[in-house]
Every structure is written in structure tokens, then in C-alpha cells.
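Here's a quick look at a few side chains and what they pair with. Have the model open alongside.

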Amino acid sequence: MKNDMKTTAIRIFVCAAFLSSVVSCSFFDMMAPQKIQADEWFYNENSLRIYANGFLNEYTPDYGTICWGDEDAADCIARTLTSSFYTGSWSPNDQGGWASSSWKALYNINYFLVHLRETPGVSEEVLDHYEGVGRFWRAWFYFSKVKTFGAVPWYDEPIDSDDMESLYKDRDSREYVMHRILEDLNYASEHCLTSGAYVNNGQINGYIASLFKSRVCLFEGTYRKYHKVEPSFQKPWSTEYESADDFLREAEKACTFIMDSGQYTIVNTPANVRTQYRALFNSGSVDYREVLWAREYIDGTIMSPVTWYFNSSTSGHCWSMTKKFLNTYLHLDGSRHTDKPGYERLSYVDELSEDRDARLAQTIITPTYTKLQSGKPGPAVPNFLIARTGYQVIKWSIDNDALESTSLSYNCLPIMRYAEVLLNYAEARAELGLFNENDWNRTIAVLRSRAGVSAKMPETEDPYLVSYFKNTVDDMYLLEIRRERGIELFMEGRRFDDLCRWHLGELIEDTWEGMYLPEGQPQDLLADGSKKVCLVEVKTSEQPDTQYLDMSTNQYIGLNENNCLVFEMARRIWTEKMYLRPIPVNAIEVNNNLTQNVLWQ
């Protein structure tokens, strides 16, 4: 079975590579659907499949989106790049995303949807499936637009270049656009096939559509709950279409379909507790028992620079975990790290002990980490040219320094996986006030058990998390669900969306704090004391096997009141208007019917 999966993956990638190499790097540039007659293209089932694979080739997330999609604005990641959007200097003149090229994908999708049923000799079931695929991609396109701009114009058919009325229409309401997105996702989740030929081979199917539906509905339901007004026009939410609870119920429904199908599971072998979480992200194959959709790579054939970017101080952006977020990882017995006296000043070795949630040592470098170095396995410590907080991310890397300066990473990258289904289900139920012990056992307990953490339910709310989330949540189950979501999905591109929907964008302003490192006192990075790091005001001498952080030559590092590292290159600013991007000025100049988001006027 495994070999069959690999053969299927190779076939899909070869097809995609072929389609993208003929005439143009873009499948849809090559096909130019507006320049051909539909009957010249939609002539049998295979032609539908090839066109649908064009969507996969064009719109499937790439390695950057998958592995560091949150890098621009997340509370849990320190980095050396900060977009000017988050420094207070952004204006509508700086904004893009509304040019004709930004809408081309929608034309291609709508062309497919309008003409696919003209294909002769294809069963209604197959036609329904491909309509579901097209509607999945239209929802994918529009959800991105809504998250970015709020209210946008809705188009459900290809627009001719001389159709001025349609081209220059005003924006439709966010509520209407989200209503249409939900219609598309309901159709896709109900009609995209789930038989063996369509599952676990890179094709859009009913399970993928349902997981995406749950993601969209959880986003919109919680967004409306925590944002008291619709953000584009600063008006009360309309009751004409779905309510916040309607979206939450649809999220629950979509997750229930996947969970009840028995198609996927959380893979848990107790003997592998120290490796099985990370194996999802740095393996050369996809575990389709748990992963719904992945971007596959093949050693020696199709590879990426992921390991390089996470281990380079120049090619990547020096991602490292923040101490504030690290504090949310529990101990194996289920106790809270932040209930431990003096947790703020624990040494690196004590703080990152094996007594913590096993995902911690599979997400960042800890004292037990080893990798191949010059072909030989051995202990490895953080590189402080990269890990500015001391907590260097390894979740997506292959443990071989030979790959740290090349584009030869062959690990396959999950795009959607079953853990998100469980988390979306748990959160939707909790937000609806329905979460119970059975839900806990089906979701959070399962994920914690895989990480070696006690699956016991909380008895009280965690004051550290209450404070972390700015006193906006005090429900003990919801707090634990948020804890679990952050840890399980770290650096998977979900965090910034979570902050936005929870109305907690202000968390990106938090100072990036790191490991305990009193000035002039070398700190052990390995339990045997053989590797150290030392912070100094001015380096005057060196000890062997010690990395020195010299504050006189690095203006961006310092210490806080607890003698913990602080790293800041540019202060981040968050204001209410930043939950949406402005409509670009040049778009409004071209189309006078467009209106600007109110807080950007």
C-alpha cells in the first residue's frame, strides 16, 4: 500500500511539473481558458481531471506558506523580519492584492464551474465531484480575500473584459460573501468523492473539503463572537444570513463527518512518544493515517530548502520560540509549568527537561537533541546567530547539517492533518457551550496522550493563560483548548488567523523574551556542561565551547528584570484597523464604486 501511495504521489508531481513546464511556468497561462472554446477542452472525464490538477499545481500552498506562514505576525515566534505593516508606517498606498493578476485565479475557477457540465459522457456523480472541487477552490480564494480585506465583490461566473458593470461594481457585504463561501463548502464537502481513488493522493476530496469548511466556519464564528462590529464598515453584524453560532455549528458538523468516518486517526505508539509527533513533519513519506493533504517531496527528485532556511542566519529569518509561549507547555503529569515556583528563572537545562510535554523537544532544540554533524551523530545546541531567544525551531528540519546550506530537503510537508479536525471540533463545541467530558476524551486527551502528557481534565482555569489572553477568556476548557491548539499547530500557519479571530492582534506587540541568561554567567546548554552560552557587555576573553552574546556589538539584545534574554529589532504596533488591510488606493482610483475600509479612511 505504501508503495502504491508513493507511485501515486510521483505521478501527480510529474504531471504538475509537465503542466507547468510546457510553454509557460503557469498552467493557466498555458491554457488561457478565455481564448478557447469550452468544447475544445471539456471533452471527457480526463480533461476535467487535468484542469482540476491545474488548480492543485497553481494554488496548493508552497513550503514557505506551510512552514513559516505565520512569520510576519505571530505572538509565539521571534524573527529578524518585521513587515512595515506592523511598524505603524503602512498606508493604502502601500497595499497590493487587488490588481488583475490577484483575481486571475477566480476567473479560471469560475470558467471551470460554468463549463464543466458541458463535458459529454460523464456521470452526474463525477460531474458533481468536479463541481465540488471547483467550489472548494473558489471558497479557498474568497476566504483569503475576506481575511485580508473584509468585504469584497462576489463573482460566480467569469467576467468579460468589456462587462463594465460587473468589473466596476462595489464590494458585497462580508456577510453575503461568507454566506456564499459556506454554500460552496457545503456543496464541496457533500459532493467531493471520498472513495479510494480520490483519497490520500493529493486530490481534493470530501474529507479535505470538510476540514477546510471547519477551518473557515470556526474562523468566522469566533470572529463574529469576539469582534462586536463588522470590521469593514464598523456596523453591527447583519442578521440576514448566518449568525456566529450558525458558523460554529457548521464547523462542528464538518468535523463530526471526518471523525465519524474512521478514515483518520492520531497515530500513537507509546514507545515512540519522543519522536512520533515530529515524524509528521520531517519524514520522507506522508503518514496518511493522520494526514489528509500534504506537499510531497522525493529525495533526489523533488526537494525544498526548508532545513536550510531554519538553520541559516541569512537565508531564513531566524525563527525562534518566545519564552512566554514556551511557558504554556505542560509537564508530563499534566501540571502547569507556570505553577512551579521560580519558573521564570530556571536554567536552560532545567527549563527544557524531559519532564515537559514531549512535543517541546520535537519542536525546538533542547539538551537531548542530536543530529548528524559531518556525517556523525552527536549532541547539538542552539546557534545563537539564529535562535535569538535561545529556543531554535527544529520542527520542520531534517537532522543533518549537510542539508543546512542546500535545497535538498526531502521531507514531506502536511497541509491539513487530523489533529486540526479534533481541535476545531473541540473549540466549536466549547464556544457553543456544549463541551463535555466525552468531547475532552475524543480530542484534547488524544493529542496529549500522543505527547506523553496526562490526559486528565482541568479542575480550574489556568491564571497564566487567563493573563496571556488578556482576560478575554476564563472558561477552563476553552483555555486548555487554546493551549493545545497553539502547541500542536506551532509554525503551521494557523496562529495569526487565531489571534485575529480571537480579537487578540495586540499580542504581536509583546516583547520577545528568551532563556534565563544573567550577564557574565555562562549557562549550560547540555546537561553535562560541555557546551555553554554567555551574555557579556563587552567580550574581553573567550572560553572554549562557549557561544558569546556581546551586547556592545548587538544592539538588539538585552535582559529583562528576570535576567532573561530580550530580542527586539523593531517594535511592533497593533491598532484596531489592522484586523483588515486597506483597499489599495490604485484600485479605488480605477473603480470609483469601491469604498475604503472605514478605519483606513
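K324 is partly exposed, at 24% relative accessible area; that label covers the range between buried (under 20%) and exposed (over 50%), using a 1.4 Å probe on protein chains only. Its salt-bridge partner is D510, with the closest N and O atoms 2.5 Å apart. D510 counts as buried, at 16%. K324 sits in helix α14 (residues 323–326) and D510 in the loop between α21 (495–501) and β9 (512–516), so the bridge ties together parts 186 residues apart in sequence. Helices (H or I, at least four residues) and strands (E, at least two) are DSSP runs, numbered from the N terminus.

A salt bridge here is a Lys or Arg side-chain nitrogen within 4 Å of an Asp or Glu carboxyl oxygen, and the count comes to 50. Three of them, including the one above:

| Pair | N to O distance |
|---|---|
| K324–D510 | 2.5 Å |
| R336–D339 | 3.7 Å |
| E484–R448 | 2.8 Å |

The E484–R448 pair links helix α20 (residues 476–488) with helix α18 (residues 444–450), 36 residues apart. E484 is buried at 1%, and R448 is buried at 3%.

This is a predicted model: local features need pLDDT of at least 70, side-chain atom pairs 80 or more, while totals for chains, interfaces and linings use all residues. Residues are numbered from 1 along each chain as its sequence is written, and side-chain values use heavy atoms, leaving out hydrogens and water.
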